[in-house]
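Please view the sequence and the model together before reading on.

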Amino acid sequence: MDADRHPDGVLRVRAPNPSPMTLDGTNTYVAAGWAIDPGPADRDHLQAVLAAAGGEIEGILLTHTHPDHSDGAQPLADLAGGVPVVLPDADGPVGPFEAILTPGHAPDHVCLLLNRACFAGDLVMGTGSVFIMPGEGSLSAYLGSLRRIRALDLDVLCPGHGPYVWNPAAKLDEYVAHRLERERLLLEALDAGARDTDDLLDRAWSDAPPELRPIAALSLQAHLEKLRDEDRLPADLR
């Protein structure tokens, strides 16, 4: 199976904002006459999105308000003649989609269902793992959101970055297992007396390449926040 073939009725326009965090760029989708996650406010990209929709869209949906997903929303709405921009704040129908609240990566994050396709925003990436910013994000909420989407009967995940995911159950199981394994390694390091950030990273994030070590340090803080909330840190760190 071609992992990156488009689901029926779904078009993808990739924004020109590649980076280590966005992979090849933000994926903007056109489906059922709507645009999902317009990406950055890049006029050429937004015009390409409108062209992919046949020059007309009914509205714009956001999975969350991080700038790499949302900055182009109002400019695209203006290009399309003043269509609505919607970030659902509750479970339920929105246009032809069904919104499911999935906080964790961001407190306002939602996934959008259309038949058996899930527009997953930054709940998952086509390759690699999702970054949880300590303070703004919540690893506990994120794991709950992964499990919530895992319970659905889906054909495909359409992520905010990277290729389509045609085996959603396996990807979501992998994501949960990855976080729990990282947590296990961190707890082992803490139990062994490690406290310094570099020492904890050496023990629990030994696979992180040097250029991603600062990102790993932030992920470490998100894990520590989760353990603190669950009262599972050693006594001297509570």
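Predicted model: local features only at pLDDT ≥ 70, side-chain atom pairs only at ≥ 80, totals over all residues.

Which residue in β4 is the bridge partner of tryptophan 34? In β4, glycine 59 is the bridge partner of tryptophan 34.

Residues are numbered from 1 along each chain as its sequence is written, and side-chain values use heavy atoms, with hydrogens and water left out.

**Overall form**

The protein chain contains seven helices and ten strands; helices (H or I, at least four residues) and strands (E, at least two) are DSSP runs, numbered from the N terminus. Its radius of gyration is 19 Å, close to the 18 Å that the globule rule gives for 238 residues, so the chain is as compact as a globular protein of that length. This radius is taken over C-alpha atoms, and the rule is 2.2 Å times the number of residues to the power 0.38. Along the principal axes, the C-alpha atoms fill a box of roughly 60 × 35 × 35 Å.

Of the 238 residues, 49% count as buried, where buried means under 20% relative accessible area, exposed over 50%, and partly exposed in between (1.4 Å probe, protein chains only). Among contacts (heavy atoms within 4.5 Å) between residues at least 6 apart in sequence, 61% join residues at least 24 apart.

**Strand pairing**

Two strands pair if DSSP finds at least two bridges between them. An open sheet of five strands has the order β1-β2-β3-β4-β5, with mixed pairing. Its edge strands are β1 (10–14) and β5 (85–86), each of which pairs on one side only. The table lists pairs of strands with their sense and bridges.

| Strands | Sense | Bridges |
|---|---|---|
| β3 (residues 34–36) and β4 (residues 59–61) | parallel | three bridges |
| β6 (residues 92–94) and β7 (residues 97–101) | antiparallel | three bridges |
| β7 and β8 (residues 110–114) | antiparallel | four bridges |
| β8 and β9 (residues 117–121) | antiparallel | three bridges |

Glycine 92 stands opposite alanine 99 in β7, and alanine 99 in turn stands opposite leucine 112 in β8. Glutamate 98 has leucine 113 of β8 as its bridge partner, and leucine 113 stands opposite cysteine 118 in β9.

Two hairpins occur here. That of β6 and β7 has two residues between the strands, and glycine 95 takes a positive phi near 55 degrees. The hairpin of β8 and β9 also has two residues between its strands, and asparagine 115 in the turn has a positive phi of about 60 degrees.

Strand β8 is mostly covered, with five of its five residues buried. Val110, Leu112 and Leu114 lie on one side and Cys111 and Leu113 on the other, and both faces are covered.

**A residue in helix α7**

Glutamate 225 belongs to helix α7 (residues 213–229). At 27% relative accessibility, glutamate 225 counts as partly exposed. Residues up to four places away in sequence aside, glutamate 225 touches Pro134, Gly135 and Gly137. Glutamate 225 and proline 134 are 91 residues apart in sequence, yet their C-alpha atoms are 7.3 Å apart in space.
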